[in-house]
Amino acid sequence: MSDSPTRRLHVDLTGQTAIVTGASRGIGKAIALALASSGAKVACVARSEGKLKEVADAITAAGGTAATYVADVADSAAANSVVEGVVEKWGQLDILVNNAGITRDTLIPRMTDEDWDEVISTNLRSVFLFTRAAASAMMRTKSGRIINISSVSGLMGNPGQCNYSASKAGIIGFTQTVARELASKRRAITVNAICPGFIASDMTEALGPALEEVVKARIPLQRLGEADEIADAVLYLASGSAAYITGQVLTVDGGLTG
Ligand code: NAP
């Protein structure tokens, strides 16, 4: 039996629209491609115009529909304008995936104000800004799915990541509260978080091969996860099958925190 996924989750999102932040590479790119291949029109958000275009071109080449928005996710006006742009272009917003994130790792005595502020702004403020804008649009249509990408670092301590852990733990509290605020008998809006463990991407490549082996030894399934495995968790939470799940945290970490 293969130790990595050989088949993908099949979900029908035909006619739906989605925004994915941090869609230019890594996990966000996998999420954008998975949502598009499930039939959703996907708005891809990041700062790198060229990389975003590559993702949108791949979606279009596969027969899907994509738009690109070059934006800093920590910018309030940009968040509003992306959500308004999508609603204007495609009529509604059904799915928001808050995925953009960065690390600025160092131990607390050496952590600068900038290391702290940049990580909190990019990882946590962005989730607030995009969710606030999306909530208004989703409340109008009385339905929607908001999926926030947190991390196992938001569930457990990880030396060198106090800024990152705080941002990711913040996402979990934010998710639980907004899920309760947006839930009602008349509105089918769910808000959930996913906590990936160590997933192969540019972010984890920075670990280097020696540290990667140390990390793998700590994971019960003894391998890094794949971006597609996080994309499948997003597809599930975006699907009709997950309509009764809200305010929850889905951990996808090979057993690391189990
Ligand atoms: P990645 O490969 O470094 O990609 C990060 C994405 O976020 C890129 O598309 C980047 O695009 C975008 N981004 C960063 N800052 C931005 C900003 N200010 N404005 C707009 N876009 C911005 O990271 P990844 O591994 O795919 O991680 C994706 C998410 O999963 C992050 O939230 C991360 O914390 C979380 N996560 C990852 C792992 C892992 O092991 N990889 C584990 C747990 C959680 P541009 O640079 O083009 O702007």
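The axes of helix H1 (residues 26–37) and H8 come within 8 Å and cross at roughly 50°. Axes here are lines fitted to C-alpha atoms, for helices over the stretch in contact, with angles from 0 to 180 degrees between N-to-C directions.

This is a predicted model, where local features need pLDDT of at least 70 and side-chain atom pairs count only at pLDDT 80 or more, while totals for chains, interfaces and linings use all residues. Residues are numbered from 1 along each chain as its sequence is written, and side-chain values use heavy atoms, leaving out hydrogens and water.

Now for the sheet: 7 strands make an open one, in the order E3-E2-E1-E4-E5-E6-E7, with parallel pairing. Strands E3 (66–70) and E7 (249–252) sit at the edges with a single partner strand each, so one side of each has no neighbour in the sheet. Helices (H or I, at least four residues) and strands (E, at least two) are DSSP runs numbered from the N terminus, and two strands pair if DSSP finds at least two bridges between them. E1 (residues 17–21) and E4 (residues 95–98) pair over 3 bridges.

| Helix | Strands | Angle |
|---|---|---|
| H4 (residues 113–141) | E1, E2, E4, E5, E6 | about 175° to E4 |
| H8 (residues 227–238) | E4, E5, E6, E7 | about 155° with E5 |

How values were computed:
Contact means heavy atoms within 4.5 Å.
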